[in-house]
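Me: I am new to this structure and want to learn how to read it. Could we go feature by feature?

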Amino acid sequence: MPDNQLDEELWDERYRSRPALWSGEPNRHLVGEAAELEPGLALDVGCGEGADAIWLARRGWRVDGVDVSGVALRRAAEHADRAGAEIAGRITWLHENLTAWDPGRGRYDLVSAQYMHLPPPERDVLFRGLAEAVAPGGTLLIVGHHPTDLQTTVPRPPRPELFFTGADVVALLDPDGWDVVTEAAVARSVTDPDGRAVTVHDTVVRARRR
């Protein structure tokens, strides 16, 4: 990942380097944690090429998909159009730098941030702002690479400060205002550059605003 995950020029160039940067499939933890939620208004943070937003829209959600990369957003809109007018009509694409953008307070029934890796000061500000954007009764879902991944042979930036645990996220939430539904380091198998199967872990936090 680039040093600054919210640097527009870096991300535009990264997207231009390949016809598709991601798999086109929704993130597994979004599917696992949000499949049973009642559809409402969702915020897909760092929406990339749109797979998560399109998955949510197929399930009846209205979605704001926000990303710093205009290249990614154009691809996302094209993918949504191919999914059909009904799906595309449920999604609004927003070109914003999340370190400067205010999503508003208490607006969203679901806020999903998948693999947003920033240094702690910026990350804490971002995650607190995303938590404030959740409506009463709504859900905050934050997923990221666990710090233990740095001990594996899977390529990760050698910057421990970019990684976080569930406890790091939960510590940002007012315990009187939130119920933590999921706080876990979820294992999954990947292949390292030498073709070896390696177990990595994802930090998964799902919390419900009271």
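Me: Is strand 1 largely enclosed by the rest of the structure or open?
Reply: First, the ground rules. This is a predicted model, where local features need pLDDT of at least 70, side-chain atom pairs count only at pLDDT 80 or more, and totals for chains, interfaces and linings use all residues. Residues are numbered from 1 along each chain as its sequence is written, and side-chain values use heavy atoms, with hydrogens and water left out.
Reply: Next, two terms. Helices (H or I, at least four residues) and strands (E, at least two) are DSSP runs, numbered from the N terminus. Buried means under 20% relative accessible area, exposed means over 50%, and partly exposed lies in between, with a 1.4 Å probe and protein chains only. Now the case: five of the five residues of strand 1 are buried, so strand 1 is largely enclosed by the rest of the structure.

Me: Which residues of strand 1 point one way, and which the other way?
Reply: L41, L43 and V45 point one way, while A42 and D44 point the other way. All are buried.

Me: How many bridges pair strand 1 with strand 2, and in which sense?
Reply: Two strands pair if DSSP finds at least two bridges between them. Strand 1 and strand 2 (residues 62–67) have five, in the parallel sense. One partner pair is L43 with D64 in strand 2. The chain gets from strand 1 to strand 2 through helix 3, and this β-α-β crossover is right-handed. Right-handed has a set meaning: with the strands pointing away from the viewer, the path from the first strand over the helix to the second runs clockwise.
Reply: Strand 1 also pairs with strand 4, again in the parallel sense, over four bridges. There, A42 stands opposite L110.

Me: Which residues of helix 3 are buried?
Reply: Helix 3 covers residues 51–58, and seven of its eight residues are buried. They are A51, D52, A53, I54, W55, L56 and A57. R58 also lies in helix 3. With a relative accessible area of 53%, R58 is exposed. Just after the helix, G60 takes a positive phi of about 100°.

Me: Where is H117, and what does its side chain reach?
Reply: H117 sits in the loop between strand 4 (108–114) and helix 6 (120–132). Its relative accessibility is 0%, so H117 counts as buried. For polar contacts, look for a pair of N or O atoms within 3.5 Å; within protein, one must be able to donate a hydrogen and the other to accept it, and residues adjacent in sequence count only if both atoms are side-chain atoms. The H117 side chain reaches the backbone nitrogen of H145 at 3.0 Å. It also reaches the backbone oxygen of L162 at 2.8 Å.

Me: In which sense does strand 7 pair with strand 5, and with strand 6?
Reply: Strand 5 and strand 7 (residues 197–209) pair in the antiparallel sense over seven bridges. In strand 7, R208 is the bridge partner of T139, and A207 is that of L140. Strand 6 (residues 178–191) and strand 7 are also antiparallel, over 13 bridges. V186 stands opposite D202 in strand 7. Strands 6 and 7 form a hairpin with five residues between them, and G195 in the turn has a positive phi of about 85°.

Me: What about W22: where is it, and how far are its C-alpha and that of G48 separated?
Reply: W22 is found in the loop between helix 1 and helix 2 (28–34). Its relative accessible area is 45%, so W22 is partly exposed. W22 and G48 are 26 residues apart along the chain, yet their C-alpha atoms are separated by 8.2 Å.
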